[in-house]
Amino acid sequence: MIDIVAMSDAHLERAVALTQRLKWPHRLADWQQALALGEGLAAVEEGQLLGTLLFWRWGDYATLGLVIVAEEAQGKGLGRQLMQTAMAKLEGINLRLHATEMGKGLYEKLGFVTCGEIAQHQCRELADFTAVIPGKGQRLRPAHAEETPALTALDTQAHGLHRPALIASLLDCAERFIVLEEQGNVEGFACLRRFGHGYAIGPIICRSLPQAKVLVSELLSGLSGQFIRIDTDSEYGLGDWLNTLGLAQVDRPTTMVRGKPWQPEDVRAFGLMSQAMA
């Protein structure tokens, strides 16, 4: 009999093994961070981890991700069982996830609808590139802990997710967390952190594509030869520029929602924290 239980740190080493089988890049540290910021479900049979699902409550919205069913347990409805258990815990909240082609059919049956597409860009060794220099009146600087409420508000404007715990965590442990000012006003921010095979850049939150390029360019500086990953909304145009830098598009998951899609308020999420946490 397979039991669905609350995920704990004791499950994480086996969870890493599940992602390795799928050739997903998540390290133990990535799983630890994800679980610390959210909640998880583990499908267990006689001590063997056969499935996972994590979810994050971000105010009126929640995101779901890391939905995995071990190969030997597929075809038994375990993915549906995990999803239904999570959805019961999140009743009344708008839900968002990024679906692989394999999972899309299940999510549609559970009431999720397609509302966009994410482009996963990455390179194994970042080549030298021409940096985008801040324009007149623009200034880049490190973010500060006391700015957590203001940065959280800007983040929420972009996608409706209220994530003070995430912002505080990134301010504490990210490699770099920078803010873009224009005429003294905070117009955006971006974060560089360790993830998977190397580095990930995200979230990238700002008002325009040129601003996003300034933020990303600054974070890429000094990373020549490193593995870099950025997940961006296909609609916002950042991907075309990333391709010119050698960060090729390698995957195209589908953005799906159950409930009310968020309408951005003059701010865009040009880069995700991750496909799971969004």
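The model is predicted: local features need pLDDT of at least 70, side-chain atom pairs count only at pLDDT 80 or more, and totals for chains, interfaces and linings use all residues. Residues are numbered from 1 along each chain as its sequence is written, and side-chain values use heavy atoms, with hydrogens and water left out.

**Aromatic rings**

A search of the whole structure gives 4 aromatic pairs. Rings of Phe, Tyr and Trp (its six-membered ring) pair if their centres lie within 6.5 Å; planes under 30 degrees apart are stacked, over 60 edge-to-face, and the rest tilted. Two of these pairs are tabulated here.

| Pair | Centre to centre | Angle between planes | Class |
|---|---|---|---|
| Phenylalanine 177 and phenylalanine 189 | 5.4 Å | 35° | tilted |
| Tyrosine 236 and phenylalanine 270 | 5.4 Å | 55° | tilted |

Phenylalanine 177 sits in strand S8 (residues 176-182) and phenylalanine 189 in strand S9 (residues 185-195), so their pair ties together parts 12 residues apart in sequence. Helices (H or I, at least four residues) and strands (E, at least two) are DSSP runs, numbered from the N terminus. Phenylalanine 177 is buried at 7% relative accessibility. Phenylalanine 189 is buried at 0%. Buried means under 20% relative accessible area, exposed over 50%, and partly exposed in between (1.4 Å probe, protein chains only).

Tyrosine 236 lies in the loop between strand S11 (228-233) and helix H8 (238-244), and phenylalanine 270 in strand S14 (residues 268-271), so this pair links parts 34 residues apart in sequence. Both tyrosine 236 and phenylalanine 270 are buried.

**Histidine 121**

Histidine 121 belongs to strand S6 (residues 113-123). Its relative accessible area is 1%, so histidine 121 is buried. Leaving aside neighbours within four places in sequence, its contacts (heavy atoms within 4.5 Å) include Ile228, Thr232, Leu242, Asn243 and Gln249.

**Backbone**

Where is the cis peptide bond that involves proline 203? It joins glycine 202 and proline 203, with omega about 0°. Proline 203 is in strand S10 (residues 198-206).

Lysine 23 has a positive phi, near 65°, and is not a glycine. Lysine 23 lies in the loop between helix H1 (12-21) and helix H2 (28-37). At 74% relative accessibility, lysine 23 is exposed. Glutamine 183 also has a positive phi, near 55°. Glutamine 183 lies in the loop between S8 and S9, and is exposed at 63% relative accessible area.
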